[in-house]
Amino acid sequence: MDGIDGRVRGAVEVWLRWLPRWQIGTARPRTRICRRCTGSPIATAAGFGPDVPHAVQHALIGRISTIVEDAVDEYTARNLPLLQRELERAAARKRHAGYQPTEGLSPEFQGLDVDPEPSPGEPFLFTLDELTGTGAGEQAPREPLSDEAKAALRHEIALSDECARATGTAVCLALVEHRPRIAEAVERLVEPQIAALVSDMFRGFDGSAEAGREGLF
């Protein structure tokens with residue numbers, strides 16, 4: 001777990017520099033549950049409440065998740081040769097799979113829909129999702145694994161999963177130390193935008209703006 005504290009600190013610093021550029025008016029409404037953020041222990045460790053907009057949470061959760069993924073990749077490359085070989089084969093297949101619009105995105109956008117919802121009566125000429133697989137090449141069939149190789153691979157996958165769990169725990173413990181800075185940034189940069197949006201929405205109505213805030217995000 002060497003360097004976890006420093007990596008988490010660095011991810012938080014990058015997020016804190018990104019947050020002033022986030023604008024609530026440009027946030028795209030979600031059409032489906034985000035599997036990366038929903039129920040994430042990283043959100044709990046960061047102290048995010050239910051009223052923090054998803055995009056704000058996703059930007060930090062994505063960067064922290066990358067720390068775990070990188071640590072598992074490093075562990076796998078050093079200690080798990082069978083799993084590493086399978087991952088390299090998967091990467092080679094992906095290189096022959098043609099255009100993949102979700103590859104190479106910054107953490108703020110990983111795991112999100114690549115295309116916005118079209119406006120009623122105004123369909124897109126094309127979407128990035130429709131271009132997925134463009135330029136794909138023919139892939140050679142892979143040789144089947146023996147029973148012994150399958151058993152060994154399952155063992156290495158279990159070791160990889162254990163590394164992910166241990167690293168995830170260490171990352172969350174490190175992130176808890178940054179809760180005050182995260183909370184201060186949200187209060188200073190995000191809360192005023194939410195308050196202004198709610199005020200605009202409920203201006204002229206008798207209902208309380210604060211009462212309408214719940215459930216917006």
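Among contacts in the protein chain between residues at least 6 apart in sequence, 79% join residues at least 24 apart. Contact here means heavy atoms within 4.5 Å. The model is predicted: local features need pLDDT of at least 70, side-chain atom pairs count only at pLDDT 80 or more, and totals for chains, interfaces and linings use all residues. Residues are numbered from 1 along each chain as its sequence is written, and side-chain values use heavy atoms, with hydrogens and water left out.

Helices (H or I, at least four residues) and strands (E, at least two) are DSSP runs, numbered from the N terminus. The chain has 217 residues, of which 29% count as buried. Buried means under 20% relative accessible area, exposed over 50%, and partly exposed in between, with a 1.4 Å probe and protein chains only.

The largest nonpolar core holds 36 residues. Such a core is a set of buried Ala, Val, Leu, Ile, Met, Phe, Trp, Tyr and Cys residues joined through side-chain atoms within 4.5 Å. V8, W15, F48, I64, L175 and I182 touch the most other members of the largest core. Helix 1 (4-18), helix 2 (41-46), helix 3 (54-79), helix 5 and helix 6 (179-202) each supply at least two residues of this core. The largest share, 8 residues, comes from helix 3. F48 touches W15, A43, V56, Q57, L60, I182 and V186. That list does not count residues up to four places away in sequence.

Two further residues of helix 3 were examined. T66 lies in helix 3. T66 is partly exposed, with a relative accessible area of 21%. T66 and A11 are 55 residues apart in sequence, yet 9.4 Å apart in space, C-alpha to C-alpha. D73 also has its place in helix 3. D73 is partly exposed, at a relative accessible area of 44%. Between D73 and Q84 the separation is 11 residues in sequence and 8.4 Å in space, again C-alpha to C-alpha.

The structure holds 1 cavity of 30 Å³ or more. On a 1 Å grid over the protein atoms alone, a cavity is a set of points where a 1.4 Å probe fits but cannot get out; lining residues have an atom within 4 Å of a point. Grid points are joined across faces, edges and corners, and a volume is the space filled by probe spheres set on the points. About 30 Å³ of space lies in the largest cavity. Its lining consists of L82, R85, E86, L145, A149 and L153. Helix 4 (81-95) and helix 5 (147-176) each supply at least two of the lining residues. Helix 4 gives the most, with 3 residues. By class, the lining divides into 4 nonpolar, no polar and 2 charged residues. Ala, Val, Leu, Ile, Met, Phe, Trp, Tyr, Cys and Pro count as nonpolar, Asp, Glu, Lys and Arg as charged, and the others, Gly among them, as polar.

Side chains of opposite charge can pair when their charged atoms come close. A salt bridge is a side-chain nitrogen of Lys or Arg within 4 Å of a carboxyl oxygen of Asp or Glu. By this rule the count comes to 6 salt bridges. One of them joins R36 and E69, with the closest N and O atoms 2.9 Å apart. R36 lies in the loop between helix 1 and helix 2 and E69 in helix 3, so this pair ties together parts that are 33 residues apart in sequence. R36 is partly exposed, with a relative accessible area of 24%. E69 is partly exposed as well, at 36%.

E86, one of the cavity-lining residues, forms a salt bridge with R89. Their closest N and O atoms are 3.0 Å apart. Both residues lie in helix 4, 3 residues apart, about one turn of the helix. E86 is buried, with a relative accessible area of 12%, whereas R89 counts as partly exposed at 34%.

E184 forms a salt bridge with R188, the closest N and O atoms being 2.7 Å apart. The two residues are 4 apart in helix 6, so about one helical turn separates them. E184 counts as partly exposed at 37% relative accessibility. R188 is also partly exposed, at 48%.

Key: On a 1 Å grid over the protein atoms alone, a cavity is a set of points where a 1.4 Å probe fits but cannot get out, and a pocket is an open set with protein on both sides within 12 Å along at least five of seven lines; lining residues have an atom within 4 Å of a point.
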